[in-house]
Amino acid sequence: MRAFRYPKPPPSEITPRQLFERRREFLRQSASGLALAAAPALWSTSAWSWTGRLGDAKATEFTTYGDKTPKEAIKTYNNFFEFGTGKDDPHKNAHKLQTDPWSLEISGEVEKSGTFGLEDVLKHQTFEERIYRLRCVEAWSMVIPWVGFPLAELLKRHDPTSRAKYVVFETLHDPEQMPAQRRDILDWPYKEGLRMDEAMHPLTILAVGLYGDVLPNQNGAPIRLVVPWKYGYKSIKSIVRIHLQEERPVSTWEAERPNEYGFYATVNPEVRHPRWHQATERRIGEDGRRRTEKFNGYGEHVAHLYESMDLSEHR
Ligand SMILES: Nc1nc2c(c(=O)[nH]1)N[C@H]1C(S)=C(S)[C@@H](COP(=O)(O)O)O[C@H]1N2
Ligand SMILES: [Mo]
């Protein structure tokens with residue numbers, strides 16, 4: 001077992017140093033020509049033709065209204081251990097990630113498996129805006145306007161077999177682009193999993209944008225999972241593989257510290273994390289703390305999934 005501990009958040013979110021680093025990042029990207037990627041590219045066939053549709057995404061019935069966390073905070077206060085363990089490391093380092101072209105493998109217990117260019121995956125999709133709360137196990141939270149679509153729509157197109165009981169997700173493994181993967185922080189690549197009924201639930205989405213624009217790399221570009229009733233670590237970023245299988249997988253944080261990070265990870269104020277309580281949370285951008293709601297406030301939609309389970313045991 002590694003000595004690593006899930007780090008505690010620093011006292012302040014956005015420091016003058018971070019603002020300065022962001023300017024530097026922008027200058028560096030412009031200098032290396034990466035900024036040109038936003039312009040219509042004549043030299044690449046995959047070139048982001050889906051991105052023009054992000055701004056047209058309409059809100060759906062599942063949207064959570066209320067104050068959204070400012071985009072600057074969403075982009076600069078992140079957990080993405082592939083780019084470092086500090087909250088400001090992802091926004092400093094994630095520009096190294098090459099998100100176009102991108103391919104997604106869909107494998108295992110499906111009739112239609114294969115490896116697909118992201119453009120081909122997304123050309124079938126209508127995008128929606130879903131404003132969801134994200135509640136991290138470290139006891140902070142944000143309200144994020146995602147642009148995405150239900151994972152169920154993608155899975156159905158690939159015809160899961162009757163043996164498909166769980167879905168496993170994997171992040172890109174490429175230490176050239178994800179420098180912290182050279183370090184023994186986690187057992188790379190990052191893996192997550194859902195039970196089939198959780199994966200097919202209409203609240204579970206694949207996000208490809210936020211605030212009407214493409215996902216910032218540090219938020220999991222070009223495609224990431226969002227499961228709003230579970231602690232943030234279930235919402236795996238920069239996915240390259242979706243695999244359906246019969247056995248329950250072991251996810252990365254669960255393998256690392258099984259008594260701290262369970263497979264189900266439903267937001268539950270009644271069950272302590274072994275090293276801190278989970279009854280309250282700090283909403284980024286607000287003073288004081290809020291009471292944490294069971295299932296992060298989505299209980300009316302998802303509580304039935306766990307009716308026969310003891311969630312203090314199956315954490
Ligand atoms: N691949 C990968 N996905 C990841 C993580 C990570 O370290 N690597 N961190 C998780 C955690 S702990 C949280 S709280 C959310 C944070 O998402 P955000 O930075 O977009 O708010 O991403 C999750 N997805
Ligand atoms: Mo988290």
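I am working on a predicted model. I searched the whole structure and found three cavities of 30 Å³ or more.

**Largest cavity.** I read its volume as about 300 Å³. I listed 24 lining residues, and Asn79, Arg224, Gly232, Ser235 and Lys237 are the closest to the centre. I sorted the lining by class and got 15 nonpolar, six polar and three charged residues. Which element gives the largest share of this lining? I found that strand 5, residues 140-150, supplies four residues.

**Second largest cavity.** I noted a volume of about 130 Å³ here. Its lining has 14 residues, with Tyr231, Glu260, Thr266, Val271 and Arg315 nearest the centre.

**Strand 5.** I went back to the strand that contributes four residues to the largest cavity. Is strand 5 mostly covered or exposed? I counted eleven of its eleven residues as buried.

**Its partners.** I looked up the pairing next.
- Strand 4, residues 128-135, runs antiparallel to strand 5 and is joined to it by eight bridges. I found Glu129 bridged to Val147 in strand 5. The two strands form a hairpin with four residues between them, and Ala139 in the turn has a positive phi of about 80°.
- Strand 8, residues 205-210, is also antiparallel to strand 5, with five bridges. I see Phe149 opposite Leu206 of strand 8.
- Strand 12, residues 280-283, pairs with strand 5 in the parallel sense over two bridges. I placed Ser141 opposite Arg283 of strand 12.

Methods
Residues are numbered from 1 along each chain as its sequence is written. Chains are lettered from A and ligands numbered from 1 in the order in which they are written. This is a predicted model: local features need pLDDT of at least 70, side-chain atom pairs count only at pLDDT 80 or more; totals for chains, interfaces and linings use all residues. Side-chain values use heavy atoms; hydrogens and water are left out. On a 1 Å grid over the protein atoms alone, a cavity is a set of points where a 1.4 Å probe fits but cannot get out, and a pocket is an open set with protein on both sides within 12 Å along at least five of seven lines; lining residues have an atom within 4 Å of a point. Grid points are joined across faces, edges and corners, and a volume is the space filled by probe spheres set on the points. Ala, Val, Leu, Ile, Met, Phe, Trp, Tyr, Cys and Pro count as nonpolar, Asp, Glu, Lys and Arg as charged, and the others, Gly among them, as polar. Buried means under 20% relative accessible area, exposed over 50%, partly exposed in between (1.4 Å probe, protein chains only). Two strands pair if DSSP finds at least two bridges between them.
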